[in-house]
Each structure stands twice: as structure tokens, then as C-alpha cells.
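Please have a look at the picture first, and then we can go through it together.

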Amino acid sequence: MAFVQFSQVSLAFGDRDILKNVSVNIQAGTKAALTGANGAGKSTLIKVMAGLVTPDGGTRAVQKDARIAYLPQSGLTHRGCTLREEADKAFAFGYALTAELERIGDQLAENPPNTKALLARHDAILTELEQSGWNHRAVTAEQVLIGLGFSHADLERQTETFSGGWQMRIALAKALMVAPDILLLDEPTNYLDIEARAWLERFLNDFTGGFLLVSHDRYFLDHTIQVVYELFNGELRKYPGNFTRYEQTRAAELETLIAQYEQQQAEIARLEDFIRRFGVKATKAAQAQERQKMLDRLRANEIVIPESLKKMRIAFPQAPHAGKIVLTLAHITKSYGGGAPVLRNLDLLVENGDRLVVAGHNGAGKSTLLRIIAGIDHDFAGDIALGAGVSVGYFSQDSAEELKGSQSILELLESEAPLELIPRLRDMLGAFLFRGDDVFKPIDVLSGGEKSRVALLRLLLHPVNLLVLDEPTNHLDMHSKDVLLDALTSFGGTVIFVSHDRGFIEGLSTRVLELKPGRFRTFPGDYAYYMRRLEDEANGIVPAGAETAAKGEETVSANKQRWQDQKKAVAERRKIERAVELLETQIAAAEHELKEAHDALADPAVYTNGEKAKATQQHIDRLTTRLDDLTAQWEAAAEQLEDIP
């Protein structure tokens, strides 16, 4: 069985420990995610596993002849050949094996003394080529490229004509085509639209090798992995289950951690106060020195709360009042260079409070429509009208290019933020991954991703009532996405957005506009309803027809009511399922603690000591009561779950 294994691996950069005695085994069948705060060392760990970085200590073992495919976050480019030719390079291992076959054939023609060994190697190579799909490589390459969003016409394009995001798709496609035993993927979903993510999700579910991946897409992780490794302070911990289960387990652990943290901080404050008040007094000097030693020991073992698990809420300026009708589009038609219209006779009515997601494949016109709504693109036919009192805020990846200057991030935002938000700017910046001294970075030195986050936060600081957002979650980690989703959900205005993050879309959307080249449909439910509708259409349960009736018509009203009822039931079920899972985690922890207490009571050092035995028995009684209470809560929740359709 193919594997990559770490044993007690350590790595430091300067005085910072990136990996501390890390042990992990990725083998065939492993479906794992690697998580941790930004800067925790996730990319470094994957590079060590790929053999690109040498650790300071420990061992890295790889099964002989195991094929390992590694995809970095960014930076790969391809040029000098067509996409089809570049894809064929992924099969270099097969070409090497066929060359070896030819050499063996030449040797066998001379009747060498090691004929038996050569024949055995010849058979082994043929078997390996067959198992790797070598004979079907052209079909495999085309299937993978089309699955990741390339068109048949793209196959003959020169690779240098593709943009940076598509360059990374080429690299991902090649990693998947290698027929690897182990896949190491660092942010593979960064440059994928929602359709390509769904295809990759299916690929990984069918993949028989092992993989370790980093991703900030919770929905994608929940549907592909079976175990989570968390890297925190250089140490690696393993959590069985999908990502949501990991977060629930971690949340339960965090309750205890926070209590210990608060107790430790209180003790630190008490010692600091004593040293400050009595450190200069000769009569108290000895006690102050002793307190200082205690303080130093506490600080050396100070509890740190992982940034990725801190819950943060931020509120943006109140949306100005607007009328019921926010936006009306009539017969919008748009084409490029005289070609077929991307948008044709599109009609749309958006009401106050809508959270409209624009869905569709690449090239369907999603970003084009958002630019028209935002007033950026005026070269179109048809009419667009904003409702009374509507003010528009627009964000796209191009917004980052407008940021220039020597001002620091904090100075820029302080100069533009409403007065009441200035005291909270540091918290907001922290939520958008600018922590500590990062807020003093000059705008001109920021990377593209950093500028994008500043541009998004800058927009959200201004009071508007219609937000038009094109891929707002790009360059955000999972924690930041949650903060943004929470803020947009409680936003008092209207949101029209495009996103490739399935979890973000499902958490925010209340309506769906589906775009196809020259066609459109609207759906009165959230994205989950839309996907169910598409599935029903594909299965012939409902006819595949337009769903574009005005909001007041009976069909849409009935659909909307059904969706609202379904949404309420789904929300209630999810709420109870989360409660059941949390109770199961708490019950398991209580049972473990109760077992330890019983074991302690069986220790002669305890049961022969009256006070210790009494204290331990009281602890057992409290744990038993708590376990009974948790079990009763679990039974009640489980019964509720059975009653929900």
C-alpha cells in the first residue's frame, strides 16, 4: 500500500517552530484535510510531505515507486505548446516505462543470462501501465480538462494564452492525470467555479489513492474528507469526521480552553499588579521577585486561543432607507465584438431585502450583469432603473487595482470610515486577516489578495443599501467568510452577488437568477432549493421550463411558500442535528471522564485515603448526574428529529 509517512518531524524558521515532532501517515484510502490559522505552516507541512523542503529533524518515509502529485497554491505557468500537449506531459511516467520496455526488448533479443529477471520486469511494467490507465490517457486527459471547465476548443489553444487562474487549473488537471498514489493539494479550489468544484468533489470521492488537502471551502471539505488534521503552534492533532464535526468537537474543547485562559489571565493580572505595587519596596522585594518568577513561568506556558476558532461579529453601517422596488431591468441585451449576445432580453425585478445569487457557467454573463447593475458598463441595450433612495456599492477583483499609495491600511480606512466605526476598525481588520502590525503595512506593498481584502472592507464601511458583490469570498479564509456571511445576513439592505463558494451561497441567498448564454430563469428559493429543482428536472420529476413569473403570480407564490416551508423544516432539522452531535460529543467526554474517575477510585493511593476517596466519589456522583442529564437531552433531541419530515 502506497504511503507517505512522517515520524517526529521538526522544522524551525529562525526562532519560530513551524513543526514540532509531527507524526502523520497518508496512505491509500486516506481522505484528509489540513487546517489551521493563516501562517500556521500548512503549506510548509505539505511541501515537506512532497519532499520539497527538508525538515530539521525526524524522518520522512515514502513507499518505493509511489507516485506523489503536489499542487501549490499559485505561481505555476505553462507555455510553448497547446493545452492538449501540456496535458500529455502528465503521463511522463508512462513514456518512461514504455522506453524501458523497448530497452528490455532489445536486451531479450540477445538472449542474456538474466532473461528470467528481464521477463518479470517486462510483465510488471505492462501491469503498471494497464493499472494506470496509460492506454486511455487521451480520453482521461480530455475528461479531466472538460471537468475542470475547459472547452473542447481550448484543447488546441496555446497554454500561454490562458490567465493565471486557468494556468492553475492546468496544473491541477495534470496532478490528477498522473494516476498518483498520493495527492497533496494546497488550495485546489481557489481558482475553480462552482461547477468545477463539484466535478473535483466527485473525482476525490471516487479516488482510490490517499490525499491531503488545504481548502477554505467548508461545503467542499464536508463532502470529500473523512479526517481533519489541525496544525496549531507547530503541533498536529487528528480529528476523525468531516469538517463540520471537527468544528463542533473543537468548539466543545474551546469552552474548557477559554475557561482556563480566563483563569490564567486573571492570575497574570494579579501577579503583575502585585509586582507593580510592591516591586520597588525593600520590605516586599523578595515577595515581588518570587511573584516575578511565577509570572515568568505562567507566560512561558501561556494558553493561546487559535485565531481560526475565535468567534467574531462585526456590524457595518446601517443601510439607508429604500423603497420596496430596488432595481428593475427590462430587455437587457449585451454582446461583445458583434458576437452572439451574452445577455438577451433579460428582465429582472429585485425587491428590498432580496439576497439574489447569480448562477451560471463561466462565460454565461454573470460578471457582465453585475457591472451593468453597478453602472460600470454602459454599453448595452435595454433599460435599467434603480428604485427611490437606492445607493449602490460594488466590489469585484478589479477593485484591488484601484488601491495605491503610501498610506498604511489603518490610515486609509480611518480616513474613510464613519466616526462610530473607527474604534472597531482593528477588530474588523483582524476579521479580514490583518492582525498585529499588518495594519501598518503601506498599501503599495500589499499583494493582490491583501488589496482585495482591503477593498472589500473599504466598501462595507460605507452606508449603502444595494451591495453588488462579484466573488467577495476570494482570498478569505473560512473564519473570515463566516464573519462576512454573518454581517451580510444581518445587513439591512439588498445583496446581489456571484460566488463559487457553495456554503456561502447557501447561507446567504434567498433567490437565484440562472444565466445561460442568451437565456435566463429566476427561482424564488435559496440555492439549495435551486439545486433540488435542477435535480428534479434532470430526473423528469418536474418539467424543465422557465420559472420567470412575476412575484405576485400564483405559481411563484405557491413555489415560494413551499420553499419557505421546506427551508423552515430544513433549518429546524439542521439545528437539532447540530444539537444531537454536540450532545454526543459531550456524552463521550463525560463517559471518558467518568471512567478515569472510577479508575482513580480503584487506585490504592486514593481508596486508602479517606479524604481523597470521598472527594473522588463526589466527583463520580456529579459526573453520573451530568451524564444522565446529557443522555436525557440527547433522547429528547433524537425524538424531535424523528418527528421532522
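Let me begin with a term that we will need: a residue is called buried when its relative accessible area is under 20%, exposed when that area is over 50%, and partly exposed in between. Please also keep in mind that what you see is a predicted model.

With that in hand, we can turn to the salt bridges, of which the count comes to 25.

I will start with Glu230 and Arg250, whose side chains meet in a salt bridge at 2.8 Å from N to O. This pair links distant parts of the chain, since Glu230 lies in strand 8, residues 227-232, while Arg250 lies in helix 9, residues 243-278, and the two are 20 residues apart.

Next, please find Asp482, which forms a salt bridge with Arg218, the closest N and O atoms being 2.7 Å apart. Here, too, distant parts of the chain are linked, with Asp482 in helix 15, residues 478-489, and Arg218 in helix 8, residues 218-222, the two being 264 residues apart. Asp482 counts as partly exposed because its relative accessibility is 27%, and Arg218 is likewise partly exposed, with a relative accessible area of 21%.

A further pair is made by Asp154 and Arg157, where the closest N and O atoms of the salt bridge are 3.2 Å apart. In this case Asp154 counts as buried, at 12% relative accessibility, whereas Arg157 is partly exposed, with a relative accessible area of 32%.

Beyond such pairs, there is also a network of salt bridges, which links Glu514, Arg521, Arg533 and Glu537.

Finally, I would like to move to the surface, where Arg532, Arg574, Lys575 and Arg578 gather in a patch of positive charge. Which helix gives the largest share of this positive patch? That is helix 18, residues 554-601, from which three residues come. Arg574 is found in helix 18, and because its relative accessible area is 44%, Arg574 is described as partly exposed.

Methods:
Residues numbered from 1 in each chain as written. Predicted model: local features only at pLDDT ≥ 70, side-chain atom pairs only at ≥ 80, totals over all residues. Heavy atoms only, no water. Patch = residues over 30% accessible without salt bridge, like charges linked within 9 Å, V, L, I, M, F, W, Y side chains within 5 Å. Areas by Shrake-Rupley, 256 points an atom, 1.4 Å probe, with all protein chains shown as cover. Salt bridge = Lys/Arg side-chain N within 4 Å of Asp/Glu carboxyl O. Lys, Arg positive; Asp, Glu negative; His and termini not counted. Charge placed at Lys NZ, Arg CZ, Asp CG, Glu CD. Helix = DSSP H or I, 4+ residues; strand = E, 2+ residues; numbered from the N terminus. Buried < 20%, exposed > 50% of the residue type's maximum accessible area, 1.4 Å probe, protein only.
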